[in-house]
Amino acid sequence: MISSYERSYLEKLNQYLEKMPDAERLDAVMEIESHITEGIANGQSETVILSRLGDPRKLAKAYRSEHMAGLNHVKSFKDVLSMIGFYCTTGLLSIMVIPILATVAYGFGFSTILIILAGILRTFGATWISMNLGPGMEIPAQYSMVFSVVLGAIVGGIAYFSWKGLKKYLAFLSEQYRRSLPGSHKVGY
């Protein structure tokens, strides 16, 4: 029989998981309920089991992280923004790191396209586009394409490595949350 303390814990967990699809949310709650029942059957006290599971909000974040990580096969822009939003709300460091990496990755990626486009346009006669190395050091029009490709490659490289860093950071966070789930061989239950 489920105690009122256990029921309250499961209800809070269910509430914190409300943004997940219903089937996955119910599976998570049932998994925790089963984990509690199994622990009690093995002679552990309910209090010890629930304290080991920790705050239901943190446990819900772990399940939501696992759900987000399961979206690896779908990497649409919407999925990436959803993951960024989730991880920015999970910790102070993430609030700083994720937006910076995302801004650099997307901003520099967009800038790469503009740089190369400007080089093409200037090469074919767009005199309103200027390319300078500094004051009084204008790039001749015939070298516009070479200059834009080199500069675009540098800026694009920064965008690429920022994007890779962002993906690795998100994967790292997912793994950290996954470790806090019950049944994880790394938690030591």
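**Briefing: salt bridges, cores and a surface patch**

The whole structure holds 2 salt bridges. The model is a predicted one. Its largest nonpolar core has 15 residues. A nonpolar patch sits on the surface, with about 420 Å² of accessible area together.

**Salt bridge D22–R25**

- The side chains of D22 and R25 form a salt bridge, at 2.6 Å from N to O.
- Both residues belong to helix α2, where they are 3 residues apart, so about one helical turn separates them.
- D22 has 49% relative accessibility, which means that D22 counts as partly exposed.
- R25 is buried, with a relative accessible area of 14%.

**Salt bridge E138–R122**

- E138 and R122 form a salt bridge, with their closest N and O atoms 2.7 Å apart.
- E138 lies in the loop between α6 (92-123) and α7 (144-179), whereas R122 is in helix α6, so the pair ties together parts that are 16 residues apart in sequence.
- R122 is buried, and its relative accessible area is 7%.
- Side chains of opposite charge can pair when their charged atoms come close.

**A buried charge without a partner**

- E46 is found in helix α3.
- E46 is buried yet has no salt bridge.
- The nearest side chain of opposite charge is R7, at 9.7 Å. A salt bridge needs the nitrogen and oxygen within 4 Å.
- Leaving aside neighbours within four places in sequence, E46 is in contact with S3, Y5, E6 and I40.

**Nonpolar cores**

- In the largest nonpolar core, the residues with the most contacts inside it are L13, L17, I32, I36, L53, L59 and Y63.
- Four helices each supply at least two residues of this core: α1 (4-16), α2 (22-41), α3 (46-53) and α4 (56-69).
- Helix α2 gives the largest share of this core, with 4 residues.
- Another core, of 6 residues, lies apart from the largest one; I98, A102, L166 and L170 are among its members.
- In soluble globular proteins, nonpolar side chains tend to be buried together.

**Nonpolar surface patch**

- Which residues form the nonpolar patch on the surface? They are F108, V146, V150, I154 and I158.
- Helix α7 gives the most to this patch, with 4 residues.
- I158 is in helix α7.
- I158 has 38% relative accessibility, so I158 counts as partly exposed.

Methods
Residues numbered from 1 in each chain as written. Predicted model: local features only at pLDDT ≥ 70, side-chain atom pairs only at ≥ 80, totals over all residues. Heavy atoms only, no water. Core = buried A, V, L, I, M, F, W, Y, C linked by side-chain atoms within 4.5 Å. Buried < 20%, exposed > 50% of the residue type's maximum accessible area, 1.4 Å probe, protein only. Lys, Arg positive; Asp, Glu negative; His and termini not counted. Contact = heavy atoms within 4.5 Å. Patch = residues over 30% accessible without salt bridge, like charges linked within 9 Å, V, L, I, M, F, W, Y side chains within 5 Å. Areas by Shrake-Rupley, 256 points an atom, 1.4 Å probe, with all protein chains shown as cover.
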